[in-house]
Amino acid sequence: GLLGVVAAAVVAVTAVLPEVSCLSLPVGSPKGWGGVVAGHSAHLRPNSGALICGASLGDAEESGVGQAALEKIDALVREENIVVFIKGTPLFPQCGFSSTVVQILDRLGVKYVAHDVLADDRIRQGVKEYAQWPTIPQLYLCGEFLGGSDIVLELYQSGELLEMIEIAAAS
């Protein structure tokens, strides 16, 4: 049925995308490396490596950014090797800066997970506190914050972003 077709399509798409592995990277960072999180909906963006997640903090935190929000964000940045928090989705970014980062990741042809911060204000505010970075988008590689749109663009243009991803994939 339809579920089988969708599952086959997901396998086919992910099979041709470069996989970035961070399992053998050092554990010396304060936030650590790797990890898995469950409990949110996700689907693959057609013709890209983007896994789009509608993460939500549920009712655990009614107002403000609390410990539960920061723990959830920590789990989200560790769920995949390349994670980006954007406004909107990779298919329909809601700001030019988010669109820039999505275009860069798509051009590199890497598998990544995108979280729409507009889906949950606690994630939107919490990710700023988590990274100690005031703007969105935010890109994470192997659980480590790389930067926002300007930094990602600069790293891409210099070739450093691809190099960082290749080093992570080779590890």
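Is His 115 buried or exposed? His 115 is buried, because its relative accessible area is 1%; buried means under 20%, exposed over 50%, and partly exposed in between, with a 1.4 Å probe and protein chains only. The points below take the rest of the structure in turn.

1. **What kind of model this is.** This is a predicted model, in which local features need pLDDT of at least 70, side-chain atom pairs count only at pLDDT 80 or more, and totals for chains, interfaces and linings use all residues. Residues are numbered from 1 along each chain as its sequence is written, and side-chain values use heavy atoms, with hydrogens and water left out.

2. **Overall layout.** The chain has six helices and six strands. These are DSSP runs, numbered from the N terminus: helices are H or I with at least four residues, strands are E with at least two. Along the sequence the pattern reads α-β-β-α-β-α-β-α-β-β-α-α. The chain has 171 residues, and buried ones make up 44% of them.

3. **His 115 and its partner.** His 115 sits in strand E4, which covers residues 112-116. Its side chain joins that of Glu 79 in a polar contact of 2.4 Å. A polar contact is a pair of N or O atoms within 3.5 Å; within protein, one must be able to donate a hydrogen and the other to accept it, and residues adjacent in sequence count only if both atoms are side-chain atoms.

4. A salt bridge here is a side-chain nitrogen of Lys or Arg within 4 Å of a carboxyl oxygen of Asp or Glu. By this rule there are two. One joins Asp 74 and Arg 78, with the closest N and O atoms 2.9 Å apart. Both residues belong to helix H2 (residues 67-78) and are four residues apart, about one turn of the helix. Asp 74 counts as partly exposed because its relative accessibility is 22%. Arg 78 counts as buried because its value is 19%.

5. **Salt bridge of Arg 122.** The side chains of Arg 122 and Asp 120 also form a salt bridge, at 3.2 Å from N to O. Arg 122 and Asp 120 are both buried. Side chains of opposite charge can pair when their charged atoms come close.

6. Most residues other than glycine have a negative phi, and most peptide bonds are trans. The bond from Ile 136 to Pro 137 is cis, with omega near 20°. Pro 137 is in the loop between helix H4 (121-131) and strand E5 (138-141). Gln 132 lies in the loop between H4 and E5. Phi of Gln 132 is positive, near 55°, in a residue other than glycine. Gln 132 is exposed, because its relative accessible area is 72%.

7. **Cys 142.** What is the phi of Cys 142? It is positive, about 55°, although Cys 142 is not a glycine. Cys 142 lies in the loop between E5 and strand E6 (144-147). This residue is buried, because its relative accessible area is 1%.

8. **A negative patch on the surface.** Asp 150, Glu 154, Glu 160, Glu 163 and Glu 166 gather in a patch of negative charge on the surface. Patch residues have over 30% relative accessible area and no salt bridge, and like charges are joined within 9 Å. Asp and Glu count as negative, Lys and Arg as positive; His and the chain ends are not counted. Helix H5 (149-158) and helix H6 (160-170) each supply at least two residues. H6 gives the most, with three. Glu 154 belongs to helix H5 and counts as exposed because its relative accessibility is 58%.

9. **Ser 158.** Ser 158 is also placed in helix H5. Its side chain makes a polar contact of 2.9 Å with the side chain of Glu 160. Ser 158 counts as partly exposed because its relative accessibility is 46%.

10. **Ala 169 and Asn 81.** Ala 169 is in helix H6. Ala 169 is partly exposed, because its relative accessible area is 35%. The C-alpha atoms of Ala 169 and Asn 81 are separated by 9.2 Å, while the two residues are 88 residues apart along the chain.

Definitions and conventions:
Patches are made of residues with over 30% relative accessible area and no salt bridge: like charges are joined within 9 Å, nonpolar side chains (Val, Leu, Ile, Met, Phe, Trp, Tyr) within 5 Å. Accessible areas come from the Shrake-Rupley method with a 1.4 Å probe; for residues, only the protein chains shown count as cover. The place of a charge is taken as NZ of Lys, CZ of Arg, CG of Asp or CD of Glu.
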